[in-house]
Amino acid sequence: MINLNNKKRKISYDQKLFIKTSLRQLGINPKNNGLLIFQEAITYAYSKDMIIINLEEIYKYISIKHNDKSPRTIETILRYAFNNINSKKLLNNYSKIFGLDFSIEYFSIKTLISDFLDILE
């Protein structure tokens, strides 16, 4: 989504810490690159004030930032982290973090990023 005022929003240290801590509480393994990629995806979407999450744009941005990885590689890393979330941690902590009931039918990479954007406002 295009930010009409062309200003990038800055994310604070506290917001970065919240994202990292929350991702770990949701069961994303801190030992793989997926945690870092998720952090960057959320941070980028926030800075661009995305209303509709554009994963292709996010993958492209992160791949440019990590010039040794293609957008497809970034997507693979993110999907691997998402598909291997610790489901027990996810179910126990989702509503605590977001104040929303967890629904597996609507849970996706896009909705997870969107839920973070909603709470960072």
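Predicted model: local features only at pLDDT ≥ 70, side-chain atom pairs only at ≥ 80, totals over all residues.
Phe 116 belongs to a cluster of rings, and the chain around it has 6 helices and 0 strands.

**Phe 116 and its partner**
- Phe 116 pairs up with Phe 18: the ring centres are 6.1 Å apart and the planes sit at 65 degrees, and because angles over 60 count as edge-to-face, that is what this pair is.
- Phe 18 comes from helix H1 (residues 13-25), while Phe 116 comes from helix H6 (residues 109-120), so the pair ties together parts that are 98 residues apart in sequence.

**The wider ring cluster**
- The count of aromatic pairs comes to 8.
- Ring pairs join Phe 18, Phe 82, Tyr 94, Phe 98, Phe 102, Phe 107 and Phe 116 into a cluster.

**Another residue in helix H6**
- Ser 114 is also worth a look, and you'll find this serine in helix H6.

**Overall build**
- Read along the sequence, the pattern is simply α-α-α-α-α-α.
- What radius of gyration would a compact globule with 121 residues have? It would be near 14 Å, and the chain has 14 Å, so the two agree.
- Taken along the principal axes, the box filled by the C-alpha atoms is roughly 40 × 30 × 30 Å.
- Look at contacts with a separation of 6 or more, and 63% of them come from residues 24 or more positions apart.

**Surface and charge**
- How much of the chain counts as buried? The share is 40% of the 121 residues.
- The chain exposes about 7600 Å², with carbon and sulfur atoms supplying 51% of that area.
- There are 18 positive and 12 negative charges, and their mean positions lie 7 Å apart.

Note on methods:
Residues numbered from 1 in each chain as written. Heavy atoms only, no water. Helix = DSSP H or I, 4+ residues; strand = E, 2+ residues; numbered from the N terminus. Rg over C-alpha atoms; globule rule 2.2 N^0.38 Å. Buried < 20%, exposed > 50% of the residue type's maximum accessible area, 1.4 Å probe, protein only. Contact = heavy atoms within 4.5 Å. Areas by Shrake-Rupley, 256 points an atom, 1.4 Å probe, with all protein chains shown as cover. Lys, Arg positive; Asp, Glu negative; His and termini not counted. Charge placed at Lys NZ, Arg CZ, Asp CG, Glu CD. Phe/Tyr/Trp six-rings, centres within 6.5 Å; stacked < 30°, edge-to-face > 60°.
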